[in-house]
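Hi,

Here's the structure I promised to pass on.

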Amino acid sequence: MSDSAATPLKGQKALVTGADSGIGAAVAVSLAEAGAAVGVNHRDSGEAADDVVRKIREKDGEAVQLKADVSREGDVKALFDRFMEEFGRIDILVANAGVQKDAPLTNMSLEDWQKVVDVNLTGVFLCMREAVHRFLDQGIAPVSKAAGKIICMSSVHEIIPWAGHVNYAASKGGLHMMMKTVAQETAERKIRVNSIAPGAIKTEINRESWETPEAEKKLLKLIPYGRIGVPEDIGKVAVWLASDDSDYVTGATLVVDGGMTLYPAFAGNG
Ligand code: BGC
């Protein structure tokens, strides 16, 4: 394998939001292994972010941790300013930060509705807007065919309705059209915007759905491929979407879910 095949992101600078745990941490590590220098954003868990940075540096990668709450406009501006001071340019944004605050509709507080929309939808809007500004200022560099790449971390719940999670499902449904609209708006400027829609990936966010053998068995019934995903499944896809290997892909959602969106309940006839 040639060196550039192993490190398709060599020389590129990537910002990953919510990179201190779960899918975000795995994406940060995968991008670094593929040759990118990575900004490891976190909101309030500096130690966890330091661990991710350490893991990257141990493998001779380049990373810094950057604290910011992506749902705050001032924080996002400061985050990008610090990223630029650190790395000089930005080639890749992975808008990954996301939260769940579950409750049936009739019990859901306005606060929990708002929090999820603020992080999962407004947070991605603020980060995309800032990234596109910077991509346009920079233009195309020799490190990539595109002027910039954005990957939004969506969910199978941009497709699958999810009782008890109306805030989360609404935020991901909204993210779907936001991603496509921004992709349409920026394609002629050579910016690519795509989403990854993970299914059940083993992380803290869904611990209760895989933690006990009973819960795991129930969850596996929803996954035709027969295993629960791991964060690295998403990291590998993020590398591809960020690299020139996917240069003709924009406005797409790549579903990575072991078949969860294939309506497995219909497998035995309707
Ligand atoms: C949610 C997880 C859930 C998965 C599949 C994700 O977007 O964050 O909690 O396990 O979708 O339902």
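This is a predicted model: local features need pLDDT of at least 70, side-chain atom pairs count only at pLDDT 80 or more; totals for chains, interfaces and linings use all residues.

Residues are numbered from 1 along each chain as its sequence is written, and side-chain values use heavy atoms, with hydrogens and water left out.

Ligand first. Its surroundings (residues with a heavy atom within 4 Å) are Q100, S155, V156, H157, W162, Y168, G199, A200, I205, N206 and M260. That shell splits into six nonpolar, five polar and no charged residues (Ala, Val, Leu, Ile, Met, Phe, Trp, Tyr, Cys and Pro count as nonpolar, Asp, Glu, Lys and Arg as charged, the others, Gly among them, as polar). A ligand oxygen atom sits 2.6 Å from a side-chain N or O atom of S155; for a polar side-chain atom of Q100 the distance to a ligand oxygen is 2.7 Å, and for a side-chain N or O atom of N206 it is 3.2 Å.

Now the helices. In a right-handed crossing, α4 passes α5 (right-handed: the near helix is turned clockwise from the far one by less than a right angle). The contact of α4 with α5 has six nonpolar, one polar and six charged residues.

Cheers

Terms used. Helices (H or I, at least four residues) and strands (E, at least two) are DSSP runs, numbered from the N terminus. A polar contact is a pair of N or O atoms within 3.5 Å; within protein, one must be able to donate a hydrogen and the other to accept it, and residues adjacent in sequence count only if both atoms are side-chain atoms.
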